[in-house]
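The structure is shown first, and the analysis follows.

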Amino acid sequence: MKKIIILLIGVLFLTSGCYDYTELNELAIISAISIDYKEENYEVALEILNSKNKNDTTEKKKVYIAKGKGKNISEAVYSSSLELAKTPYLAHLKAVIIDEEIACNHLKEIVDYLLRDNYIRNIFYVVVAKDEKAVDILENSDTNNPIVGTAIKSLIENTTYVNNISANANYEKLVVDIIEPRKDAYVSSIEIKNGVLKLGPIAIFDGYKMKHYLTIKESETLNLINGTSREAYFKIDCPGDKDNFIALTSYNKPKSGIDFSKDTATLSLKLEMKITENHCKVNFKDKDAYQKLQKYLNKEIQKDMKNLVEVLIQNKSDTLKIENSYYQKYKKDIDFTKLHYKYKVDSLINRNGLIFEVKK
Amino acid sequence: MISKYEHFTASYFLTRSLFLGIGFSLITGIAKQDSILVFLIGTLIGLFFIFLINQIQKYKGKKSLNDVLKEMKFLGIILRIVFLIFGICLFTESLTFFQLFVSSFLLTKTPLFFISLPLILLILKVCKSGKQSVFRLSGCLFPISVLLTITSLCFLLGYSKFETILPLMVTKTPSFLKAIFHYTALSVGPSILLLMTEENNTNTPLSYLLGSFTLIFKMYLIIAIVGPMLASIFRFPEYIILKEIKLLDFIEKVENIVALSWVFDYFIYMAMSAYFIKELLPKKGNEIWHFLICIGIYILAFMVIGKNYSYIIFIYYYLSLLIFLTFVVTIPPIFIHTFKKRKA
């Protein structure tokens, strides 16, 4: 009797996980989801990784798409899963693509649904399909980007130059910015140019509603002030010579900050730059030339910052988290649109590549 | 004979045990970013109550809780009933919330009765083996739990932003005090179970401080990673932040391994509360009564409470009050009694 009880206990220990056991090839591993809103219906498409038997030598696409439709988001996902002979599995989700209508008016429903799911890990990216249906982006796989979910993740996380305009914040950080009362969110957009997926400018939000697309320049400046840009790129006209230019990149993360005095906010930025391309008549062996160029560059960046803040004020989108910074400092709320702004830029050109100048 | 080390480890587990599923989400919901201050102040207040429990241990010396209650005659009978109800409530809570945690993240399709069946059988076996087995188990699990806790704290530190916890002192005073009350009750309450030991050479305050330190650190990470607003809407914020862990860009999804430290806390807490019930039951038919009560709680947990979310919510909000009332009713009279006896 004792042995039977011990055996029973042993069996229970070894098998209690079996209820949830699923074979890998029985799982529909979802790498990306697209959500469109059309005629009061949510249209969901799931990008599913195509599992292949090692003995199977036929050429298969790496992914396939399952589509569904419904009055609400859960109904649409349920409807799309009816096309699947496998169990939908969201733990490897890399991107959620939403169309502009969802971004402008229905994001709240999506956020609620995705936060409640047991398996979703909140480290995927949400992107807006710019001037396209979200499903078109999802179906735009090619030999370069066979899995759209992975392609979007790579586009956002790419650390050279591209990081200038991508909103490198995962879903969890996006939700934090949306639900915190003194912050506003921003996400990357994806567009199709010549049949290829391309990272678009940043889309800014006021609460749950998308307000506006920034321009590429504004997106770069936003990332610069928020300190997320790793290699910001600048092209400025030569001082006193508008026909030629000089290109510079920052090579360390910029140091940014916000200071307040009465009703004035001072946005400050400190950058270390290197020269990547020069077409100006500047003697780089002369230290005054660097200072002159730095002054000129500071003014140009200040102009960009001013322009960005004006756009943010117009759209009431506090993506620079100015209200939050003020609250953290003074424990008081303030309307960031009513503040006066000052801009302080301190750039330091201290690398010029392997040459001083090209002799012409 | 329970060693000082085993007693220390059991106290450490008990300090942390009510924070998975209750403590963190309840307190962040009330105090938002001031939760860290709540944890700090709550620890200092809790230390006083822990000191009381420790003093009782010292005063009663080698006597068991049973002996002390017998000495107290009529009051002892009432206190025994109160303790028994308290033990049953804690055991029911632990089983229910363990089921809830496992069914939310790990075994979502497994029926509730199957999730806790191996656990209840193991607990019955441990209780049958005696008090020493419970404490020895705690001693064995302690190094693993500490290692997992340190691992999770180290890995998560890189994702935290200090400025997220600012500004402090923004919660209204009533909410702040309410949160402190919850913290103190939830961190101190399970330590009442330690009264069943017959050791007088214990250092409960030190282990309480160690347990509280890990809780404060975890609370800081919750607020500093997901922010006060998101933390307050998650059911298990302490588990959600573990999903962030990523090692060298290729080791991911380690949350279930790291979360084992919470499972250990719950397991020791369950075993201790089950043994506490056994200790208080009459000697005659002790084994069978204990078996029946444990099985009854198991059935109650998966058939009634586990299937009705309103009961879970009730426990979530009122467990602190139950602990407080039990503490107020039982600890002062036992303290006075043991103090007098010690003098005599």
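## Conventions

Helices (H or I, at least four residues) and strands (E, at least two) are DSSP runs, numbered from the N terminus. The structure is a predicted model, in which local features need pLDDT of at least 70 and side-chain atom pairs count only at pLDDT 80 or more, while totals for chains, interfaces and linings use all residues. Residues are numbered from 1 along each chain as its sequence is written, chains are lettered from A and ligands numbered from 1 in the order in which they are written, and side-chain values use heavy atoms, with hydrogens and water left out.

## Salt bridges

A salt bridge is defined as a side-chain nitrogen of Lys or Arg within 4 Å of a carboxyl oxygen of Asp or Glu. Over all chains, the search of the whole structure finds 20 salt bridges. One of them joins A:Lys153 to A:Glu157, with the closest N and O atoms 3.4 Å apart. Both residues belong to helix H5 (residues 148-157) of chain A, where a spacing of four residues separates them by about one helical turn. A:Glu157 has a relative accessible area of 30% and is partly exposed; the classes are buried under 20%, exposed over 50% and partly exposed in between (1.4 Å probe, protein chains only).

In chain B, B:Glu6 pairs with B:Arg136 at a closest N and O distance of 3.7 Å. B:Glu6 is buried at 10% relative accessible area, whereas B:Arg136 is partly exposed at 45%. A further salt bridge connects B:Arg16 and B:Asp265, with the closest N and O atoms 2.9 Å apart. B:Arg16 is in helix H1 of chain B and B:Asp265 in helix H12 (residues 260-280) of chain B, so the contact ties together parts that are 249 residues apart in sequence. B:Arg16 counts as buried at 2% relative accessibility, and B:Asp265 counts as buried at 0%.

## Cavities

A cavity is a set of points, on a 1 Å grid over the protein atoms alone, where a 1.4 Å probe fits but cannot get out; lining residues have an atom within 4 Å of a point. Grid points are joined across faces, edges and corners, and a volume is the space filled by probe spheres set on the points. The whole structure contains three cavities of 30 Å³ or more, and the largest cavity holds about 40 Å³ of space.

B:Arg16, B:Thr149, B:Thr214, B:Leu215, B:Lys218, B:Ser261 and B:Trp262 line the largest cavity. Helix H9 (204-233) and H12 of chain B are the elements that give two or more residues to this lining, and H9(B) gives the most, with three residues.

## Cysteines

A disulfide is a pair of cysteine sulfur atoms within 2.5 Å, and the count over all chains is one. The pair is A:Cys238 and A:Cys280, with sulfur atoms 1.7 Å apart. The torsion about the S-S bond of A:Cys238 and A:Cys280 is about -90 degrees, so the disulfide is left-handed. A:Cys238 lies in strand E11 (residues 233-238) of chain A, and A:Cys280 in the loop between strand E14 (264-278) and helix H8 (287-314) of chain A, 42 residues apart. Both A:Cys238 and A:Cys280 are buried.

The sulfur of B:Cys127 is 6.0 Å from the closest cysteine sulfur, in B:Cys294, which is too far for a bond.

Terms used:
On a 1 Å grid over the protein atoms alone, a cavity is a set of points where a 1.4 Å probe fits but cannot get out, and a pocket is an open set with protein on both sides within 12 Å along at least five of seven lines; lining residues have an atom within 4 Å of a point.
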